[in-house]
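Look at the model first, then read on.

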Amino acid sequence: MSQAWFQHTFSRKRFRTRNQATALAILGVAILLILGSLYLSQVASFAITNRQIEDLISRRDELKRQNEKLIGEIASYRTVPRLFARAVDIGFRPATNADIDYVLIEGYNPNRNRVSRTTSEDSRTELTVPVYEETFGSWLEQQLALISDQFRSFGN
Amino acid sequence: MQGPSSQQATIQARLPFVAIFLILLAAYLIINLANFQFFPRSVRQELEKIGNSITNTTLRIPAERGRIYDRDGEPLAYNLVQYRLGISPAFVADADSLSAKLSEILNLSYFEIWRKATSENVWEFLAGPISAEQGQAIAALDDISLGLEEIPKRFYPQGELAAHVVGIVVDDGLRGALGVEGAFNDTLSGRVLDLAISKVPFDLPEDRPAEQRGQDIVLTLDRDVQFWVESELKNAVEQYNAFRGTVIVMDPRNGDVLALANYPSIDPNNFLEIADPNLRVNPAINETYEPGSLMQVLTVAGALEKGVITPFWTYNDTGYLEVGGRDIFNATYRSYGTTDLATILSNSLDVGAATIALQMGTSDFYSMMRAFGLGQATGVGLFAEERGELRLPGDSDWNESFLGLNSYGQSLKVTAMQMITAYAAIANDGIMRQPRIVRQIISEDGPEEARSSTIRRVVSAETAAILKDILIRVVGEGAPAAELSGYSIAGKPGTAKISTAVAFEEGRNAKILSFIGFLPADDPQAVVMVKLDRPDGDFGYQVAAPVFRRIVDRLVILLEIPGDSVRSRLAAAEADINRSSS
């Protein structure tokens, strides 16, 4: 009886067993490939994004430097001796008391409360908190698009 | 020979031992794994440190120093970036090509660069400081052998304008050492950070934190007024061949310093090239002097306030008085007979001032001098302010003659800032405002107004009004050169000898001539102090008063102060509008 069982098991199910094992192996490899691809695409997109952020930070710092330089240049062009000389060049002269008429304007405060137009533009920027609104579907689409992009780039 | 069943029996007999061995081995591994997971803190920290040293690199980020602006937002000090360039010869791929490129960018010798690029050393300094443009061009080469290091550079776009007020920075731009840069160094400097940068490409890049940046400062200075005052001061110093000069303009209503000028000045952009160390201090607050006859106004104010004298008080001036064993004479060695307060101040009569001080007595006199702020730093907000010298009864080096000498400005020392603050109190109806140079501090949270504060009421409004009337007469009778057409001006010229440790200096120019005045006298909006050290000329009314007039001639336009008649007309018109609207 035991021999019959043995024959029944191995002779009839040999092919099916191999088929299942192969299918399982292929499935496993496929899952591993998908997971691996997803992992690689994630890692690659992380690295690319980080590189982009680094570039943006450098670019921002560079722009800040250029901005500082421009502020300096503008300030140099706006120094009083330069403005004074330029005004004289184009025909102006310093006003005297006799040149000035004072008029009363209702609501005007003669004691100027000068409001500084100074702000540290670069440091005043409002910080916005990124809002996470990604759905699983959009994430999957994004990943597929990334993978297909990468495959396309490999082909090129 | 054993049969299969015997072998099976042997295996079955040994199997428990093998199983036990495997279980023990597994237990040992699990325990070790647990041990590994729960290392002592010190070991974990050490391991983390080793790990971080592999994956992280530390970058020193210099703090960005806060900017300084005038009251209208014109930049007076801000930052530029420069670089220092070095090279790692071991990483140089093509020394010839790199040297050629660097030589072109840096304008340096090709052979010098090539020598360093092929050196055996691990690191060679190439150039620095180099400009931001050169730095960018080098960064664009994207060569791993080159190392660029940021160096902050402070730049003062207005050059010498208000140099002693704005100040300078030393130690590679890290520390303020004069003026606002020095006094507000902690506010301006920000924090130098050592930022750990991860080399792992999956970690988010670190950004420099915003709070690292220093705070910006807005001054009370008015750039236009400052420029005008500096121009006139320079002319005056040259005209009168003075050793040095100082002018301060203050708004007595809030203590704002609108201008503070010294000549000769310094160029803060080339601070290291200043050879004379005397130029590296601000004489208006860092140096003291005997104020001379300017003090007589404070003596009279104190006596009026204490009720020791009335506005109609007179005395018989014999030209001589002995106080505490010391002989006191008028500067002209003349006697003036029956003399009133205005005459004392117009003619700067030392005997008159000493007579009043004697009537006050030491207690009243010194309490009033303390109330006027003598012997105390004003707290204006500038670096290393001197507090002057006012010896008081009870001090080991005080004697009775000091009461007489101090009453007309000798044997005590003040700063120019102290004197103008005391006069500003009289101009402001007796209320002394805290002098201030900083108007706003701008931090990450927004601008914070530095509140104008009151120090104390020094004299009553009535006393201040009496003094203003007297000082208007003093200008009319004693210093007509200070008068400005259309404006009522109150003021007092001062002539002071220059004291050394043992005696007064002798010589034609051994004096300090000054004038302090305010306008419009009935509603003072500006107090101006002119002080010239060692000028040609004998008296303050001859030398300092005309300079004062030239300054206020333009000041009334820059500060939009209408003349007396115009202000009366405007006041009447405003009253009409108020009547009609009510």
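## Helix α9 of chain B

α9(B) is followed by N241(B), a residue with a positive phi, near 55°. Helices (H or I, at least four residues) and strands (E, at least two) are DSSP runs, numbered from the N terminus. The model is predicted: local features need pLDDT of at least 70, side-chain atom pairs count only at pLDDT 80 or more, and totals for chains, interfaces and linings use all residues. Residues are numbered from 1 along each chain as its sequence is written, while chains are lettered from A and ligands numbered from 1 in the order in which they are written.

How many residues of α9(B) are buried? The helix is mostly covered, with 12 of its 17 residues buried. A residue is buried if 20 or more other C-beta atoms lie within 10 Å of its own, exposed if 12 or fewer, and partly exposed in between; C-beta atoms are placed from the backbone. Among the buried ones are F227(B), W228(B) and L233(B). The buried residues pack against α2 of chain A, and also against β10, β11, β22 and α17 of chain B.

The length of α9(B) fits too. At 1.5 Å a residue, its 17 residues should span 24 Å, and its end C-alpha atoms are 24 Å apart, which agrees. The expected span is 1.5 Å times one less than the number of residues.

## Where the chains meet

The contact takes 40 residues from chain B and 31 residues from chain A. Two residues are in contact if their C-beta atoms, placed from the backbone, lie within 7 Å. On the chain B side, α9 (223-239), α17 (540-558) and α18 (564-581) are among the elements that each supply at least two residues. That side divides into 23 nonpolar, six polar and 11 charged residues. Ala, Val, Leu, Ile, Met, Phe, Trp, Tyr, Cys and Pro count as nonpolar, Asp, Glu, Lys and Arg as charged, and the others, Gly among them, as polar.

## A strand pair in chain B

β12(B) and β15(B) pair in the antiparallel sense over four bridges. Strands pair if DSSP finds at least two bridges between them. Y315(B) has T339(B) as its bridge partner in β15(B). Y315(B) also lies on the covered face of β12(B), with D317(B). T314(B) and N316(B) form the uncovered face.

## A loop residue in chain A

G91(A) sits in the loop between α2 and α3 of chain A. Why does G91(A) count as exposed? Because it has 6 C-beta neighbours inside 10 Å.
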